[in-house]
Amino acid sequence: MTAINGEVARGFEPVREAFVANFTQHGDIGAAVCVYWHGQPVVDLWGGVADPETGRPWTRDTLQLVYSATKGATATAVHMLVERGMLDLDASVAKYWPEFAANGKADISVRWLLSHQAGLVALDEPLPLAQALAWDPMAAALAAQCPLWTPGTAHGYHGRTWGWLVGEVIRRVSGRSPGRFFADEIARPLGLDFYIGLPASERERVSRMAYRRPAVDLTTVPTESIPEELREQVAAWCDPNSFSNRAYAVTDPAAIDFDSSEVQAAELPSSNGIGTAHALARMYAALIGDVDGMSLLAPETLASATEEQASGKDQVLLFPSRFSTGYMLPTEGNRMTGPNAFGHTGRGGSLAFADPEHGIAFGYVMNHIISGSGDVRAASLTEAVRKSLE
């Protein structure tokens, strides 16, 4: 039996039960979950193994890379700049980043950039990984890139490029890198154990990831044997020129080792945030209310930040998605805890969000990266939160 550590407030016991079940039934190796309710932590649990190779146990201060759940932290930095009057969502990106106007991009707004409507999901020529990690060469390449569809007419998940695009706007406006801005203005004031660009001093606390692929590789299955609703996606996975593949092939090599010290130390505001479930939940709690005397955004700023900007079929994911200016919104496949919630998922299972209607802020991180539609871990936990509220 996996030892589960931490605290659960009375009434939220279903979350602990679901967390235990994630280890006994759903494949968790090492994980943590935290829930804030009206500004106070009511669930803070962790357990399992942080390093499957050595058996190092997961502790309260274990850090986990959360892939695209990072985008919620980056979006929060953007909206702080909006609230301060330093950034206008409806202004052109080129107002702040003049080089970006090249190749038909002069009219792309900051709003379209944040909501995955800019058509910049890929590069014509992928960059060597070292150049991408160095930041400036990737920013220059994206500034020169021609959109792959008419901006504003469709949306498609900018899985990798979003971080450099939005991060460069943060850098131009604030004079600080996105990771530095997050550290100075969000993490330090709130006491968050979360980093975009990991300091070398924190490296030993980071969990090591394990990966589980789907039991069946659908790209090897005859088309007639694939469920009809999946055929378009599978065809895209088989096509190296599809947006579904190109969006994750902006570097050379396309595969990035997110366990490596070089990648973790770089700033990738779309995908390499590293921290605790508690830090994510606390950040979202401070977005929807007061946490120990501090809140991140005024209610009117938050209302604007979480208003739907794009929905329907996603040009990259090829299934319905919904976005505000930077945050994911609930869908049938990711209900969170209610229709007014907002947040972001991360590759393989991580999830962080806030639900202002119910006063809930949630963070779940784990080191077993499970691909495919069979991963129920985050959904089981959010369903347990809903049950607790009832």
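Which two strands form a hairpin, and how many residues lie between them? The points below begin with the answer.

1. β14 and β15 form the hairpin, with four residues between them. In the turn, G359 has a positive phi of about 70°. The strands here (E, at least two residues) and the helices (H or I, at least four residues) are DSSP runs, numbered from the N terminus. This is a predicted model, in which local features need pLDDT of at least 70 and side-chain atom pairs count only at pLDDT 80 or more, while totals for chains, interfaces and linings use all residues. Residues are numbered from 1 along each chain as its sequence is written, and side-chain values use heavy atoms, with hydrogens and water left out.

2. β14 (residues 351-355) is joined to β15 by five bridges, and the two run antiparallel. Two strands pair if DSSP finds at least two bridges between them. Within this pairing, A352 stands opposite G363 of β15. β15 also pairs with β2 (residues 30-37), in the antiparallel sense, over seven bridges. There, V33 has Y364 of β15 as its bridge partner.

3. Seven of the seven residues of β15 (residues 360-366) are buried. Buried means under 20% relative accessible area, exposed over 50% and partly exposed in between, with a 1.4 Å probe and protein chains only. One side of the strand carries I360, F362, Y364 and M366, and the other carries A361, G363 and V365.

4. A further sheet is open and has three strands in the order β5-β10-β7, with antiparallel pairing. Its edge strands, β5 and β7 (194-196), each pair on one side only. Three bridges join β7 to β10 (residues 273-275), and Y195 has I274 as its bridge partner.

5. The axes of α2 and α8 (residues 178-190) come within 10 Å and cross at roughly 75°. Axes are lines fitted to C-alpha atoms, for helices over the stretch in contact, and angles run from 0 to 180 degrees between N-to-C directions. The contact (heavy atoms within 4.5 Å) involves A73, T76, A77, M80 and L81 of α2 and F181, F182, E185 and I186 of α8.

6. S68 lies in the loop between β5 (64-65) and α2 (70-83). S68 is buried, with a relative accessible area of 11%. Its side chain makes a polar contact with the side chain of Y157 at 2.8 Å. A polar contact is a pair of N or O atoms within 3.5 Å; within protein, one must be able to donate a hydrogen and the other to accept it, and residues adjacent in sequence count only if both atoms are side-chain atoms.
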